[in-house]
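Here are a few notes to read alongside the model.

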Amino acid sequence: MNIAYWIVAGLLAIFYAYAGTLKVIRSRDQLRPMMAWVDHPLPAVRALGTVEILGATGLILPPLTGIALFVAPMAAIGFVLLQIGAITVHLMGGDRRIALNAGLTVTAAATVWLATRL
């Protein structure tokens, strides 16, 4: 289970660290080709990026250091909730391209389960 956690959580953390960093450092015009929903207020986009970076850190650091292990499943639960919100935003905006969001939801849910087995 330990190896499975590191594979799944590592991939999830890499994805969210990358996506979060893009949201924090890029302009709205640079983000728009990748993310049609960035017409929301830029501070909200930046805050979301910060949350994604912190969540990625929460998946990796606690199991790596052995300190506050409860943070890892909480970060994964946060990503499940984040993706449920993302799917809602996409569907309310008329965007039916939610396959990536659905996949991230399932991956985050698997990470929750694996994190409780550490």
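1. Start with phenylalanine 79: at a relative accessible area of 3%, under the 20% cut-off, this residue counts as buried. Keep in mind that you're looking at a predicted model.

2. Now look for tyrosine 16, which is buried too, with a relative accessible area of 1%. Beyond its neighbours within four places in sequence, tyrosine 16 touches Glu52, Ile53, Ala56, Phe79, Leu82, Gln83 and Leu104.

3. How many aromatic pairs are there? The count comes to three. In one of them, tyrosine 5 and tryptophan 6 have ring centres 5.5 Å apart and planes at 80°, so they sit edge-to-face. Tyrosine 5 is buried, at 0% relative accessible area, while tryptophan 6 is partly exposed at 29%.

4. Back to tyrosine 16 and phenylalanine 79: their ring centres are 3.8 Å apart with planes at 5°, so this pair is stacked. Tyrosine 16 belongs to helix H1 and phenylalanine 79 to helix H4, so the pair ties together parts 63 residues apart in sequence. Ring pairs also bring Phe15 into a cluster with Tyr16 and Phe79.

5. Zoom out to the largest nonpolar core, which has 18 residues. Tyr5, Leu12, Tyr16, Leu59, Phe79 and Ala108 have the most contacts inside it. Helices H1 (2-25), H3 (42-65), H4 (71-92) and H5 (99-115) each supply at least two of its residues, and the largest share, six residues, comes from H4.

6. In soluble globular proteins, nonpolar side chains tend to be buried together.

Methods
Residues are numbered from 1 along each chain as its sequence is written. This is a predicted model: local features need pLDDT of at least 70, side-chain atom pairs count only at pLDDT 80 or more; totals for chains, interfaces and linings use all residues. Side-chain values use heavy atoms; hydrogens and water are left out. A nonpolar core is a set of buried Ala, Val, Leu, Ile, Met, Phe, Trp, Tyr and Cys residues joined through side-chain atoms within 4.5 Å. Buried means under 20% relative accessible area, exposed over 50%, partly exposed in between (1.4 Å probe, protein chains only). Helices (H or I, at least four residues) and strands (E, at least two) are DSSP runs, numbered from the N terminus. Contact means heavy atoms within 4.5 Å. Rings of Phe, Tyr and Trp (its six-membered ring) pair if their centres lie within 6.5 Å; planes under 30 degrees apart count as stacked, over 60 as edge-to-face and the rest as tilted.
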